[in-house]
Amino acid sequence: MASHDVKNLSLAADGKKRIEWADDHMPVLQLIRKRFAKEKPLKGVRMAACLHVTTETANLARTLKAGGADLTLCASNPLSTQDDVAASLVKDYDIAVYAINGEDKKTYYKHIHQALDIKPQITMDDGADLVSTLHSERKELLSGVMAGTEETTTGVVRLRAMAKDGALAFPIIAVNDSKTKHFFDNRYGTGQSTVDGIIRATNHLFAGSTVVVAGYGWCGRGFAVRSAGMGAHVIVTEVDPVKGIEAAMDGFRVMPMAKAVPIGDLFVTLTGDISVLRPEHFAKMRDGAIICNSGHFNVEIDLEGLKKMSKAVRTVRPFVEEYTLKSGKKVHVLGEGRLINLAAAEGHPAVVMDMSFANQALGAEYLLKLKKPLAKTVHVIPEKIDNMIAQMKLESMGIRIDRLTAEQKKYLASWEMGT
Ligand SMILES: NC(=O)c1ccc[n+]([C@@H]2O[C@H](COP(=O)([O-])OP(=O)(O)OC[C@H]3O[C@@H](n4cnc5c(N)ncnc54)[C@H](O)[C@@H]3O)[C@@H](O)[C@H]2O)c1
């Protein structure tokens, strides 16, 4: 059996059924897996992946293994691991996994180190904790790493900062920046699963409630639209003037957080930024306000600040902590400020992760096929691969679209023809 540190191997049977359920909704990844099994493009390549250990990730792991990779998986968040999936990956699919739901920070980083112990040639990250650990604490392994991939916006931001400082030791493919990733995963995936996580944690009624959405990027937009669709009054806060106009023209009220706090019932941060909700805001919130985060790291809500201004904290239901402020007012925090869609729900639906993980699998293959190594910076997947994934997805949905005629191709490439 593959080496592992998971909660309980006896959960494997449930995990396997759920992995298969997700697989039925990931037709593009299935096609890639079938081809990988024949062609073995990743044969013998040591890969360390730091991803949310969910049913969808399990199917990516199966695909990489089918392609011949020697794969180790660890969690990219202490609260997102599905323990039954981790067990099944070890027991049924012989994949090394280091991930336990609820692991403390020390165990989280111990697991990242264990994943790195295989001396990876390719890294696969979601948030860049693996790459950052490699560059700070496992420098001796850097020379053996060919390249890596990064799944999410926050990771891409961190890696671009590393590249800018000349600190990045190998090239990275920003999977997040593929159109077939962020247009769909960040928008529709986060949009729906954030609603799902909030409802599972609280049973909150969106209809008629005032929902404050911090950040109108891909994730924020998705969540704002879904909340409005469920009857919520949506307020958007932003720091980017263009996004502010966009939110206003999409029909949402836009205002600074300081103005939104006294009127909001539910606050959701989706910015990738730090201290978006902080003591000056908590102090003005309504009694019973609910706050949560769906951005990558648990830094968007200043929980330390909230703790300091509170006289009591208690868990009132799973994933809900009630902070009683010194003023007597209560504020409810969901999922310890970690991404609520993965903490309290199952993360994105498999249908959407199908495209994200097709990008991961094909991104790894692309890196290995390159004749000339890429520069040590952050790259995007070639548009040809991105469009191919879109085409495969469309076909799997039974949708056909038009093709350009010869006349249209000529017209679109010319400058001479006017009216
Ligand atoms: N929950 C999930 O499963 C999931 C999925 C994908 C991405 N993410 C994460 O969600 C976060 C957002 O991702 P995205 O793709 O939407 O990024 P994005 O860059 O498209 O959008 C972020 C938006 O937040 C705004 N912003 C920044 N600081 C702000 C502040 N202080 N107040 C208000 N707005 C602010 C920015 O102007 C930007 O418009 C990232 O951390 C990303 O990694 C989470």
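Glu383 is exposed, with a relative accessible area of 52%, and the side chain of Glu383 meets that of Lys179 in a salt bridge, with an N to O distance of 3.2 Å. Because Lys179 lies in helix 8 and Glu383 in helix 16 (residues 383-396), the pair ties together parts that are 204 residues apart in sequence. Lys179 is partly exposed, at a relative accessible area of 31%. All of this refers to a predicted model, and the values should be read accordingly.

## Other charged pairs

By the rule applied here, the count of salt bridges comes to 24. Side chains of opposite charge can pair when their charged atoms come close. One of the bridges joins the side chains of Arg138 and Glu140, at 3.1 Å from N to O; its two partners sit in contrasting surroundings, since Arg138 counts as buried at 13% relative accessibility, whereas Glu140 counts as exposed at 53%.

Another bridge links the side chains of Lys307 and Glu304, at 3.9 Å from N to O. Both residues lie in helix 13 (residues 303-308), where they are 3 residues apart, about one turn of the helix, and Lys307 counts as partly exposed at 43% relative accessibility. There is also a network of salt bridges, in which Arg18, Asp84, Asp196, Arg200 and Glu346 are linked.

## The ligand and its shell

Around the ligand there are 26 residues, of which Thr152, Thr153, Thr154, Glu238 and Ser294 come nearest. Sorted by class, this shell holds 7 nonpolar, 15 polar and 4 charged residues.

A polar backbone atom of Ser294 is 2.8 Å from a nitrogen atom of the ligand, while a ligand oxygen atom is 3.0 Å from a polar backbone atom of His296, and an oxygen atom of the ligand lies 3.1 Å from a backbone N or O atom of Trp218. Of the 870 Å² of accessible area that the ligand has on its own, the protein covers 87%. Two or more residues of the shell come from each of helix 7 (153-164), helix 8 (179-202), helix 9 (218-229) and helix 14 (340-343).

## Helix 6 and its cover

Helix 6 is mostly covered, with 6 of its 8 residues buried; these are Asp129, Leu130, Val131, Thr133, Leu134 and His135. The cover over the buried residues of this helix includes strand 2 (46-51), strand 3 (70-75), helix 5 (105-116), strand 5 (122-125), helix 7 and strand 7 (172-174).

Which residues does Asp129 contact, leaving aside its neighbours within four places in sequence? They are Tyr108, Tyr109, Ile112, Arg158 and Phe297. With Tyr108 there is a polar contact between the two side chains, at 2.6 Å. Asp129, which is found in helix 6 (residues 129-136), has a relative accessibility of 6% and therefore counts as buried, the limit being under 20%.

Thr133, in helix 6 as well, is buried with a relative accessible area of 2%. A polar atom of the Thr133 side chain lies 2.6 Å from the backbone oxygen of Asp129.

## Positive phi in two loops

Most residues other than glycine have a negative phi. Against that background, Lys119 has a positive phi, near 60°, and its place is in the loop between helix 5 and strand 5. With a relative accessible area of 52%, Lys119 is exposed.

Asn203 likewise has a positive phi, near 60°, and is found in the loop between helix 8 and strand 8 (210-214). At 60% relative accessibility, Asn203 counts as exposed.

Conventions: Residues numbered from 1 in each chain as written. Predicted model: local features only at pLDDT ≥ 70, side-chain atom pairs only at ≥ 80, totals over all residues. Heavy atoms only, no water. Near = heavy atom within 4 Å. Polar contact = N/O pair within 3.5 Å; in protein donor to acceptor, adjacent residues only side chain to side chain. Areas by Shrake-Rupley, 256 points an atom, 1.4 Å probe, with all protein chains shown as cover. Helix = DSSP H or I, 4+ residues; strand = E, 2+ residues; numbered from the N terminus. Nonpolar A, V, L, I, M, F, W, Y, C, P; charged D, E, K, R; others polar. Buried < 20%, exposed > 50% of the residue type's maximum accessible area, 1.4 Å probe, protein only. Contact = heavy atoms within 4.5 Å. Salt bridge = Lys/Arg side-chain N within 4 Å of Asp/Glu carboxyl O.
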